[in-house]
Amino acid sequence: MTDASPRTAPGSRRIGADLKAQIVRGVYPPGSAVPSSRALAAELGVSRTTVTAAYDQLAAEGWLETRPGGRTRVAAGILPVPAATPDTSAAPPRLAAFGRRLLAEPPPDARPGPAIDFRYGDLSGGDFPVLAWRRALNAVLLRRPARLGYGDPRGLPELRAALQGYLWRARGLRCERDQIVVVNGSQQGIDLCARLFVDPGDRVAFEDPGYGTARRAFAVAGAAIVPVPVDAEGMRTECLVGFGPARLAYVTPSHQFPLGGVMPVARRQALLAWAEACGAIVVEDDYDGEYRFDGRPVESLSSLDRTGRVVHVGTVSKTLSPQLRLGYLVVPPALAAVVTEAKRLADRQAPGLEQAALAELMAGGAYERHLRQARRRNAARRAALLAALAESFGAEVRVEGAAAGLHLVAWFPHEPASREAAIVATARAAGIGVYPVGPLYHDAAARPDRAGLVLGFAGSEPNAIRAGIRSLAAALAGRPKRFNG
């Protein structure tokens, strides 16, 4: 077969694509001769080599048949394909139950953010430790291995060792290295828990309001979501009395999402006792537990677990960057093997280069130095947001959940819940991205009748935060003042 040169390859691909289209439309039926390479080259104004390369590729794919000394013809047996029409009545391919449940769950808002965006989960690009990360990457690249292959699905041993020490120091979580499984962000960890621990129809106790993407993962796995109300101290564990059998509970005890409560020890003990009594797994989502502004981060729920019931989900999406897609599970010893194999089947392993760089950052102390700086910067952003809300809204707004984490909830006591969507739309029209509390409730009847906004502050600088809140107040007062930088 004649190989097309780099110069002729793009032209030959276009010629080949055109001929395929004509064959499937029946312009050249099976067995019919196609133009000679010389004739087609002259007609198209290209070299004969380009046409020959296209013919050779089509022959290799089975579209054409060539005979020495004979004409090149369309291969026998190719069926014409009629052009698709918008009103075709053909039924779409059947989806499995998982796919049908997925379509039934509304997807999150993926629109690009406006000029000032209070989207929760975004971090400021200026906070990323570029120099430290580059040094770590360079150090890793210089240690080039003799061969490249798939690694341990649990993650690089050096990263799991670094995480083991960090979790002991920072979160009071004592575990063995083999209990840690590195995943592609906390969302993959939650998805693995849903697949491994929940059968269709199993009841899952879920905070209400709670993290919508996690709730969606369990719902698509077939779980029967049973909402459990929260208050200023997180999940109201007294509501689990008489709850009945359940397979799993999902909680955010260090900083309840979205209302910000911290679960006290008595409730943590009650939750663990309930889980042991009914044989349930507790998924602890420690999504931003490193950020506490009035004291040290609280210890994890896992640090109290004595019976192997808690799966701890952690991430660097709120400390380094959500774009790195690095998180980790700390699982009870009895579950380590099955979680490892589930990770292997999902995608074999998390990206090795990023794992190695993170391990380098942690081992040298740069990660925790960065984290201290990020806490100071986010404390300043939080202070700017609180001051701006007080200045612009005064008694018209009530703030909840600002003691920790990277977001807070702003309630508007004099605006009914039915006005929430209009507030969000008005803000967006003024170039301000704000996000409603309402969709985070599983039981709409349980939410208070007042509008509320989840305001993330880690993605913007204090000046932009202040300008955004002033513009929001002006827009809601009917005096649009679009922020333009």
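Biologist: Why does Asp-178 count as partly exposed?

Modeller: This is a predicted model, so the value is computed. Asp-178 has 45% relative accessibility. Buried means under 20% and exposed means over 50%. The value falls in between, so Asp-178 counts as partly exposed.

Biologist: What makes Asp-178 and Arg-154 a salt bridge?

Modeller: Their side chains meet at 3.2 Å, N to O. The cut-off is within 4 Å, so the pair qualifies. The two residues lie in distant parts of the chain, 24 residues apart. Asp-178 is in the loop between α6 and β4, and Arg-154 is in the loop between α5 and α6.

Biologist: Why is Arg-267 called buried?

Modeller: Arg-267 has 12% relative accessibility. Asp-231 lies in strand β6 and Arg-267 in helix α9, so the pair ties together parts 36 residues apart in sequence.

Biologist: How do you know that β8 and β9 pair?

Modeller: They share 4 bridges, in the parallel sense. Pairing needs at least two bridges, so these strands pass. In β9, Ile-281 is the bridge partner of Leu-248.

Biologist: What makes β4 and β7 edge strands?

Modeller: The open sheet has 8 strands, in the order β4-β11-β10-β9-β8-β5-β6-β7. β4 and β7 each have a single partner strand, so one side of each is left without a neighbour in the sheet.

Note on methods
Residues are numbered from 1 along each chain as its sequence is written. This is a predicted model: local features need pLDDT of at least 70, side-chain atom pairs count only at pLDDT 80 or more; totals for chains, interfaces and linings use all residues. Side-chain values use heavy atoms; hydrogens and water are left out. Buried means under 20% relative accessible area, exposed over 50%, partly exposed in between (1.4 Å probe, protein chains only).
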